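Here are my notebook entries from an afternoon of looking things up, written for a colleague who likes to check. Please keep the viewer open while you read.

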Amino acid sequence: MSSHLPAQARGSSDPSHGPGLTRFNVLSPEAARAALLQCCGSRRWAHRVAAHRPYPDAGALLAAADEASYDLSQADLTEALAAEHSAELGHGAPYAALLALDAAHAEYERKFGHAFVICLDGHPPEEQADQLLGAIRRRMGHEVDEERSISADELRRVAQSRLLDLTRRLTRSDGAPVAEIGLFAPVG
């Protein structure tokens, strides 16, 4: 999903040197790329991040992900944006906000040709509806090239957050295969 809500939904465990990063480092190349495609829908991005393993810590992983994000071609960015779904509000959002957001998404996707991407990390749940609706309204005024650039940066931030979630989820001690971990249940 494009909106990555869970500052509160993510665990508090530090993936920097933990078992999750260790498990990520030893995944087969195919499994690593599949897991990384859940973070960013660009095959080139996933290949690059997987190919540079092992990572000594989360900072190195995030730096590699950033570098791969900044190096995306226009075709790679189009592929990544096509894999995204428009940001949604969490359960319990007011009905009026949900209706407004549905209409805004439809207009945004008509104008720009891809889902609205935003990273909402750091915003408490009670502020997310206002942040999301305000951002989509502001960004509707952008020219296509400007919005594409902003979407690329938001996608980079979302991918970083999803990478941290990935290493946290891989911390599971039951030995579940990556495919069974449920890497990224839609959160928003």
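This is a predicted model: local features need pLDDT of at least 70, side-chain atom pairs count only at pLDDT 80 or more; totals for chains, interfaces and linings use all residues.

**Entry 1: Aromatic rings**

I began with Tyr108, which is buried at a relative accessible area of 0%; buried means under 20%, exposed over 50% and partly exposed in between, with a 1.4 Å probe and protein chains only. Residues are numbered from 1 along each chain as its sequence is written, and side-chain values use heavy atoms, with hydrogens and water left out.

How many aromatic pairs does the structure hold? I found three, where rings of Phe, Tyr and Trp (its six-membered ring) pair if their centres lie within 6.5 Å; planes under 30 degrees apart count as stacked, over 60 as edge-to-face and the rest as tilted. Phe24 and Tyr55 make a stacked pair, with 6.4 Å centre to centre and 20° between the planes. That pair links distant parts of the chain, as Phe24 is in helix H1 (residues 19-26) and Tyr55 is in the loop between helix H3 (43-51) and helix H4 (58-70), 31 residues apart. For the record, helices (H or I, at least four residues) are DSSP runs, numbered from the N terminus. Phe24 and Tyr55 are both buried.

Tyr108 and Phe112 form a tilted pair, 4.7 Å centre to centre with 50° between the planes. They are separated by about one helical turn because they lie four residues apart in helix H6 (residues 95-112). Phe112 counts as buried too, at 9% relative accessibility. I also noted that Tyr108, Phe112 and Phe116 form one aromatic cluster.

**Entry 2: Around Arg53**

Next I looked at what sits over the ring of Phe24. It is the charged end of Arg53, 5.6 Å from the ring centre; the test asks for NZ of Lys or CZ of Arg within 6 Å of the centre and within 35 degrees of the ring normal. A cis peptide bond joins Arg53 to Pro54, with omega about 5°. Most peptide bonds are trans. Pro54 is found in the loop between H3 and H4.

Ala32, in helix H2 (residues 29-37), is buried with a relative accessible area of 0%. Leaving out residues up to four places away in sequence, Ala32 touches Phe24, Leu27, Ala50 and Arg53, a contact being heavy atoms within 4.5 Å. Ala32 and Arg53 are 21 residues apart in sequence, and their C-alpha atoms are 9.5 Å apart.

**Entry 3: Helix H4**

H4 has 13 residues and reaches 18 Å from first C-alpha to last, close to the 18 Å expected at 1.5 Å a residue; the expected span is 1.5 Å times one less than the number of residues. Asp57 caps the N-terminal end of H4, with a side-chain oxygen 3.1 Å from the backbone nitrogen of Gly59. Among the buried residues of H4 are Leu61, Leu62 and Asp66. H1, H3 and helix H8 (144-169) are included in what covers the buried residues of H4.

**Entry 4: Cysteines**

How many disulfides does a search of the whole structure find? The count is zero, taking a disulfide as a pair of cysteine sulfur atoms within 2.5 Å. Cys40 is buried at 2% relative accessible area, and Cys119 is buried at 5%.

Definitions and conventions. Helices (H or I, at least four residues) and strands (E, at least two) are DSSP runs, numbered from the N terminus. A polar contact is a pair of N or O atoms within 3.5 Å; within protein, one must be able to donate a hydrogen and the other to accept it, and residues adjacent in sequence count only if both atoms are side-chain atoms.
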